[in-house]
Amino acid sequence: MARCSLLPILAAVLLVASLPPRAAAYAAMDKLHELLPASTAAALSFEEGYTQLFGDSNLMLHGDGKRVHISLDERTGAGFASQGAYHHGFFSASIKLPSDYAAGVVVAFYMSNGDVYERTHDELDFEFLGNVRGREWRVQTNVYGNGSTAAGREERYGLWFDPTQDFHRYAIFWSHDTIIFYVDETPIRKVVRTTSMGAQFPSKPMSLYATIWDGSSWATSGGRYKVNYKYAPYVAEFTDLVLHGCPAGPTAPGSYPAPPCEAASAAAMMSPRQRSAMERFRARHMTYGYCYDRVRYPAPLPECRVGEEAEAFHPSGEARSTDRLGSRHGKRHRRGGGGADSAL
């Protein structure tokens, strides 16, 4: 069973212990962020940490179980989950998405406990929404707590790279009072527990999931463009699967013992450098924000702090500028057919 050495994190904590409080805090933030998001030392093989959910032969293992391919065809999608549940931690994977025409295809990397708490489940989502040829994939994050699905907290983003050409790391940090989503070591969203959110902040142990499925009814332009199985199979590739979690039970595989989980909570804070990187990303790449959606939420949800940046969004919550929709990354491999004049 692969386990990450505790020495780097313990050394980071000791290194800053003698510094002045503010300097120590920022040093700890930077050091722990460097260690946790970037580290692949705790990456597990499939057999060590995961189990197949569905899809039979649409899930295939490569590289001694270190790489997982899940595919969607006319018959079924596929998915897998962690063998154990976790109560806070850092969870990540390097993912390469299907190329070419992928309208209606949804690849999800998320945490949930819906199998245990059917009506009061918690969830932290990365959802990758496919698109028509010539339009980029979109990334959507969402947060649910205590079954609060009626109050979706979705945000969507374009990316500064082509996620179909190479692997990129996507990560979720979750502590008692903070959630941070990362793309390639850049924090893109931070959710802080507030009194007004109450139980809608995820608080119960969750497992990690990865799935690919047909989201034709909503994923691309609100369902305007469907999955075209002429281009199947759609294959999503996963590697560097990291479970840096606090185990909810004594047998959760691949997890740290309690002390590193507690030490890692310092990573919930952000240094000025990290916050600036997140603010630049959001200013350039966020295409939808629930806090700016006056059609859905005439009064913003209590945790929303809406300022002058709201002028960059339509009342629907969609960004006014198409510059936020991502950039072209060169020609994609063509297999014929497909195409549209607009997509999500």
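1. Strands, labelled E, are DSSP runs of at least two residues and are numbered from the N terminus. In this predicted model, Gly63 sits in the loop that joins strand E2 (59-62) to strand E3 (67-72). Gly63 is partly exposed, its relative accessible area being 40%. Although Gly63 and Thr239 are 176 residues apart along the chain, their C-alpha atoms are separated by 9.5 Å.

2. The next point concerns the sheet. Nine strands make up an open sheet with antiparallel pairing, in the order E1-E4-E13-E6-E7-E8-E9-E15-E16. Strand E1 (50-54) and E16 stand at the edges with a single partner strand each, so one side of each has no neighbour in the sheet. From one strand to the next, the twist averages 20°. Within this order, strand E6 (residues 105-112) pairs with strand E13 (residues 207-214) in the antiparallel sense over 8 bridges, and Phe109 has Ala210 in E13 as its bridge partner.

3. The structure holds 1 disulfide, formed by Cys291 and Cys304 with their sulfur atoms 2.0 Å apart. The pair links distant parts of the chain, 13 residues apart, since Cys291 belongs to strand E15 (residues 286-293) while Cys304 lies in the loop between E15 and strand E16 (316-318). The link of Cys291 and Cys304 is left-handed, with -80° about the S-S bond, and both cysteines are buried.

4. Which residue forms a salt bridge with Glu154? The partner is Arg296, and the closest N and O atoms of the two are 2.6 Å apart. Glu154 lies in the loop between strand E8 (138-144) and strand E9 (155-157), and Arg296 in the loop between E15 and E16, so this pair ties together parts that are 142 residues apart in sequence. Glu154 is buried, with a relative accessible area of 12%, whereas Arg296 is partly exposed at 36%.

5. A further salt bridge joins the side chains of Arg282 and Glu155 (2.8 Å, N to O). Because Arg282 lies in helix H5 (residues 272-285) and Glu155 in strand E9, the pair ties together parts that are 127 residues apart in sequence. Glu155 counts as buried at 6% relative accessibility, and Glu155, Arg189 and Arg282 are linked in a network of salt bridges.

6. Arg169 forms a salt bridge with Glu185, where the closest N and O atoms are 3.7 Å apart. Arg169 is in strand E10 (residues 168-174) and Glu185 is in the loop between strand E11 (178-183) and strand E12 (186-192), so the parts tied together are 16 residues apart in sequence. Arg169 is buried, with a relative accessible area of 7%, while Glu185 is partly exposed at 37%.

Terms used:
Residues numbered from 1 in each chain as written. Predicted model: local features only at pLDDT ≥ 70, side-chain atom pairs only at ≥ 80, totals over all residues. Heavy atoms only, no water. Disulfide = S-S within 2.5 Å. Helix = DSSP H or I, 4+ residues; strand = E, 2+ residues; numbered from the N terminus. Buried < 20%, exposed > 50% of the residue type's maximum accessible area, 1.4 Å probe, protein only. Pairing = 2+ DSSP bridges. Axes fitted to C-alpha atoms, helices over the stretch in contact; angles between N-to-C directions. Salt bridge = Lys/Arg side-chain N within 4 Å of Asp/Glu carboxyl O.
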